[in-house]
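I opened this model to look up a few local features and then the overall build. My entries follow in the order I made them.

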Amino acid sequence: MISIGILLALLLVASWTDLRHHAIYNRTVYPGILFAFALNGIGEGLLYWEILGPDNLQRIWGVIGLGQSLAGFLLCGLIMLVCYVLFHVGGGDVKLIAMLGAFLGPYEGLEALLWTFVLGAAAGLMMLVWRHGPSRLLLRVWRQVVSTLLLRRWAPITDQERTELQTRLYLAPSALLAVLIVYWDLAQLI
């Protein structure tokens with residue numbers, strides 16, 4: 001529980017800076033990654049020396065083990081690195097999700113990553129609808145579908161349309177909500 005509290009605090013700080021300054025700072029993410037590794041390493045040491053039992057370690061400290069922490073860090077970090085190269089997500093987003101994986105491990109980290117993408121995409125779509133209106137967006141989609149069907153290939157959109165459709169994605173607030181969904185298993189309520 002202690003590690004999740006620290007993760008949520010770090011994600012709250014990252015969300016605030018992401019919304020306010022459009023940046024996720026290294027001074028938030030790097031100490032978080034190191035803290036996740038240190039906490040899980042110390043936890044494994046306490047378990048090895050039989051100072052704390054596995055139930056207390058998981059229930060009170062929220063320790064998943066150094067191996068799981070490294071695996072989550074690498075899995076989430078590599079997936080986000082691919083997104084950085086292919087889809088031009090921010091470097092801060094890559095490090096933030098890697099930190100999330102270091103705290104949660106590979107399985108819960110991957111689930112939180114997927115929830116982050118879903119929530120971020122939903123927020124981006126809502127911003128587009130708010131900015132352009134639902135009827136205008138539906139008309140553009142309809143025109144794109146019809147022109148694609150008539151040409152029998154994907155009809156390219158103009159640079160002006162591309163610029164109008166671009167919106168900022170704030171992944172830190174999405175990651176904060178994703179951790180809440182994953183950790184407390186709130187997906188069961190949906």
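**Entry 1: the loop residue.** I began with His88, which sits in the loop between H4 and H5. Helices here are DSSP runs of H or I with at least four residues, strands are runs of E with at least two, and both are numbered from the N terminus. His88 is not a glycine, yet its phi is positive, about 60°. His88 counts as exposed because its relative accessibility is 68%. The classes are buried for under 20% relative accessible area, exposed for over 50% and partly exposed in between, with a 1.4 Å probe and protein chains only.

I noted the basis of the work before going on. The model is predicted, so local features need pLDDT of at least 70 and side-chain atom pairs count only at pLDDT 80 or more, while totals for chains, interfaces and linings use all residues. Residues are numbered from 1 along each chain as its sequence is written, and side-chain values use heavy atoms, with hydrogens and water left out.

Entry 2: Asp185 is partly exposed, because its relative accessible area is 39%.

**Entry 3: aromatic pairs.** How many aromatic pairs does a search of the whole structure find? It finds three. Rings of Phe, Tyr and Trp (its six-membered ring) pair if their centres lie within 6.5 Å; planes under 30 degrees apart are stacked, over 60 edge-to-face, and the rest tilted. One of the pairs is Tyr48 with Trp49, edge-to-face at 5.2 Å centre to centre and 85° between the planes. Tyr48 and Trp49 are both exposed. Tyr183 and Trp184 also pair edge-to-face, at 4.8 Å centre to centre and 85° between the planes. Tyr183 is partly exposed at 27% relative accessible area, and Trp184 is partly exposed at 41%.

**Entry 4: the core.** I then looked up the largest nonpolar core, which has 32 residues. Such a core is a set of buried Ala, Val, Leu, Ile, Met, Phe, Trp, Tyr and Cys residues joined through side-chain atoms within 4.5 Å. Leu7, Leu11, Leu96, Met99, Leu100 and Val179 touch the most other members. Helices H1 (2–21), H2 (26–48), H4 (66–87), H5 (91–132) and H8 (171–183) each give two or more residues, and H5 gives the most, with 10. Leaving out residues up to four places away in sequence, Val179 touches Ile4, Leu7, Leu8, Leu11, Leu100, Leu104 and Trp184; contact means heavy atoms within 4.5 Å.

**Entry 5: a buried serine.** Is Ser3 buried or exposed? Ser3, in helix H1, is buried, because its relative accessible area is 4%. Beyond neighbours within four places in sequence, Ser3 is in contact with Leu39, Trp61, Gly62 and Phe103.

**Entry 6: the chain as a whole.** The protein chain has eight helices and zero strands. Its C-alpha atoms fill a box of roughly 70 × 35 × 25 Å along the principal axes. Of its 190 residues, 37% count as buried. Among contacts in the chain with a separation of 6 or more, 73% join residues 24 or more positions apart.
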